[in-house]
Amino acid sequence: MLKQLRSALDRYRWFFVAEGVVGNLLFFVGSILFLRESTQQMGVWLFIAGSGLMLVSSAATAAAERDVE
């Protein structure tokens, strides 16, 4: 299973990089939305979405980095 995950990470590395960029963009936009009271709720949801993307990306990378041998 880990070999398949590592293979998928190697094959689709661009996807995980793009996922990280999108996650960080959501954090950034969410931070800006926190500045106005009328947009704070949207900022919270963007933070949650960004956190979820970062969690998926980090978990997949950590699983693939485990010693497969």
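Predicted model: local features only at pLDDT ≥ 70, side-chain atom pairs only at ≥ 80, totals over all residues.

User: What does the protein chain average in pLDDT?
Analyst: The average is 85, and 93% of the residues score at least 70; pLDDT is the predictor's confidence in each residue, from 0 to 100.

User: Which element has the lowest mean pLDDT?
Analyst: Helix α1 (residues 2–11), at 75, while α2 has the highest, 90. Helices here are DSSP runs of H or I, at least four residues, numbered from the N terminus.

User: Switching to E19: buried or exposed?
Analyst: E19 is buried, at 8% relative accessible area (buried means under 20%, with a 1.4 Å probe and protein chains only). E19 sits in helix α2, residues 13–33.

User: And what is E19 in contact with?
Analyst: L53, V56 and S57, leaving aside neighbours within four places in sequence; contact means heavy atoms within 4.5 Å.

User: Where is A64 found?
Analyst: A64 is in helix α3, residues 40–65, and counts as buried at 2% relative accessibility.

User: Which residues does A64 touch?
Analyst: Not counting residues up to four places away in sequence, A64 touches L5, R6 and L9.

User: How far apart are the C-alpha atoms of A64 and S38?
Analyst: They are separated by 41 Å, with the two residues 26 apart along the chain.

Note on methods:
Residues numbered from 1 in each chain as written. Heavy atoms only, no water. Helix = DSSP H or I, 4+ residues; strand = E, 2+ residues; numbered from the N terminus. Buried < 20%, exposed > 50% of the residue type's maximum accessible area, 1.4 Å probe, protein only.
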